[in-house]
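Take a moment with the sequence and the model below. The text then walks through them step by step.

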Amino acid sequence: MATMVALQSSMASLSISSNSFLGQRLSPPLLSTPIKLVDQPCTIEMRLKRWERKECKPNSLPILHKMHVKVGDTVKLITGHENGKIGEITRIFRHNSTVIVKGLNLKTKHMKSREQGEPGQIVKIEAPIHSSNVMLYSKEKEVASRVGHKILEDGTRVRYLIKTGEIIDSAENWKKVVKERTEKKEEASS
């Protein structure tokens with residue numbers, strides 16, 4: 001700030017005419033007062049790491065990706081330390097394409113005590129797995145397969161297993177999943 005004031009005063013003291021620039025060098029006048037440097041706090045710009053960034057729409061909401069699996073699907077892990085294990089999807093996170101599979105990818109979490117006198121706990125929780133690391137699984141034929149989409153005669157669009165031709169999105173499966181969800185909510189509320 002002080003340097004700007006000094007520069008402005010030195011520029012004001014110069015008398016510039018049209019013929020003063022022609023072939024002559026301008027020398028700034030010597031300053032009699034010393035310049036004080038002021039340390040101003042700089043603004044800190046927070047940057048997210050590459051894996052923390054989320055793609056957003058113009059309204060700042062995250063982009064939700066389409067996924068080949070849904071809640072209630074039976075899947076087989078195809079990579080990772082639990083390769084080949086089979087489980088059921090309990091939760092889906094569409095903004096980063098991850099899923100939680102029941103009983104797989106267990107991580108240890110150390111919980112602090114919430115009340116005085118209550119001991120802390122070590123809890124095993126299911127960590128998310130990227131959806132590209134799971135494959136839909138047929139319990140009847142015991143085979144993992146990629147998923148395909150087709151439209152039935154009544155106009156409904158369903159998913160099916162390419163290897164076996166088994167339809168995943170049947171009405172009975174959806175009724176069963178919805179019924180299980182409502183039972184869990186009722187148990188949690190009571």
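Leaving aside its neighbours within four places in sequence, which residues is Val99 in contact with? Val99 is in contact with Met67, Val69, Ile89, Arg91, Ile92, Ala127, Pro128, Ile129, Ser131 and Val134. Contact here means heavy atoms within 4.5 Å.

A word on the source. This is a predicted model, in which local features need pLDDT of at least 70 and side-chain atom pairs count only at pLDDT 80 or more, while totals for chains, interfaces and linings use all residues. Residues are numbered from 1 along each chain as its sequence is written, and side-chain values use heavy atoms, with hydrogens and water left out.

Now the overall plan. The chain has 2 helices and 10 strands. Helices (H or I, at least four residues) and strands (E, at least two) are DSSP runs, numbered from the N terminus. From that end, the order of elements is α-β-β-β-β-β-β-β-β-β-β-α. Of the contacts with a separation of 6 or more, 41% join residues 24 or more positions apart.

Next, the interior. Of the chain's 190 residues, 20% count as buried. Buried means under 20% relative accessible area, exposed over 50%, and partly exposed in between (1.4 Å probe, protein chains only). The largest nonpolar core has 14 residues. Such a core is a set of buried Ala, Val, Leu, Ile, Met, Phe, Trp, Tyr and Cys residues joined through side-chain atoms within 4.5 Å. Val69, Val75, Ile89, Val99, Val101, Val134 and Leu136 touch the most other members. Strands E1 (74–77), E3 (98–101) and E7 (134–138) each supply at least two residues of this core. In soluble globular proteins, nonpolar side chains tend to be buried together.

One stretch carries an annotation. In an unreviewed entry, UniProt places "domain: KOW" at residues 68–95; such annotations may be inferred rather than shown by experiment. Over residues 68–95 the chain is 0% helix and 43% strand. The end C-alpha atoms of this stretch are 14 Å apart.

Gly84 lies in the loop between E1 and strand E2 (86–93). Is Gly84 partly exposed or buried? Gly84 counts as partly exposed because its relative accessibility is 32%. Beyond its neighbours within four places in sequence, Gly84 is in contact with Lys76 and Leu77.

Finally, look at a hairpin. Strand E9 (residues 147–151) and strand E10 (residues 157–161) run antiparallel, joined by 5 bridges. Two strands pair if DSSP finds at least two bridges between them. His149 has Arg159 in E10 as its bridge partner. The hairpin has 5 residues between the strands, and Gly155 takes a positive phi near 95°.
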